[in-house]
Amino acid sequence: MTEQFLTVGKVANTHGIRGELKIYPNTDFAEIRFAEGKKLWMINEENGSKLEVQIVSSRLQKNMYVVRFKGFSNINEVEKYKGWTLKVSKDDTIELEEDEFYFHEILDCEVFTEEGTKIGKIVDILKPGANDVWVVRPDKGEEVLIPYIHDVVLDINVEEKKVLIHVMEGLLE
């Protein structure tokens, strides 16, 4: 059986000359995932190469984490990891509260109105501020932004990959 992984970030660039990397987080638990001492897998999605790494230091800078991994102290050692994905084992999930979901559970869910009309498939999750916003791609036409708030999202069934929404005035216009 092959181990399954959850994506928690992507290496955006190097930072300085001491072997630090700028990481774009792709997780609701960035402060936990990028904490000192945590182990992650760096994976090259193009060729399948992977490397287990351990975080020595980490700090939030703007919307990115600046991270240094054990065993790396020079820009020349980390340059080749730009664009690599950071993952954790699926067994390393964090217990969620009721009404909380992982990104991987929400992505690819089909969105339907309470009348049964299919809107499209969730292709991305944005985190602009107070609440998440789901990017829904219809079969035809432009993408739709759905705010993840209780007035709009009525039901989420991750097993069936279906989301039921209430269409508030102006939401789909």
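Two strands count as paired if DSSP finds at least two bridges between them. Strands are DSSP runs of E, at least two residues long, and helices are runs of H or I, at least four, each numbered from the N terminus.

This is a predicted model, where local features need pLDDT of at least 70, side-chain atom pairs count only at pLDDT 80 or more, and totals for chains, interfaces and linings use all residues. Residues are numbered from 1 along each chain as its sequence is written, and side-chain values use heavy atoms, with hydrogens and water left out.

Start with strand 2 (residues 20-25) and strand 5 (residues 64-69). They run antiparallel, joined by 4 bridges. Select I23: Y65 in strand 5 stands opposite.

A barrel closes from 6 strands, in the order 1-2-5-4-3-6, with antiparallel pairing.

Next, the aromatic rings. Select F5 and W41. Their pair is edge-to-face, 6.0 Å centre to centre, with 70° between the planes. F5 lies in strand 1 (residues 5-15) and W41 in strand 3 (residues 39-43), so the pair ties together parts 36 residues apart in sequence.

Move to F34 and Y65. This pair is tilted, at 5.1 Å centre to centre and 35° between the planes. F34 sits in the loop between helix 1 (30-33) and strand 3, 31 residues from Y65 in strand 5.

Last, select F72, Y81 and W84. Ring pairs link them into a cluster.

Conventions:
Phe/Tyr/Trp six-rings, centres within 6.5 Å; stacked < 30°, edge-to-face > 60°.
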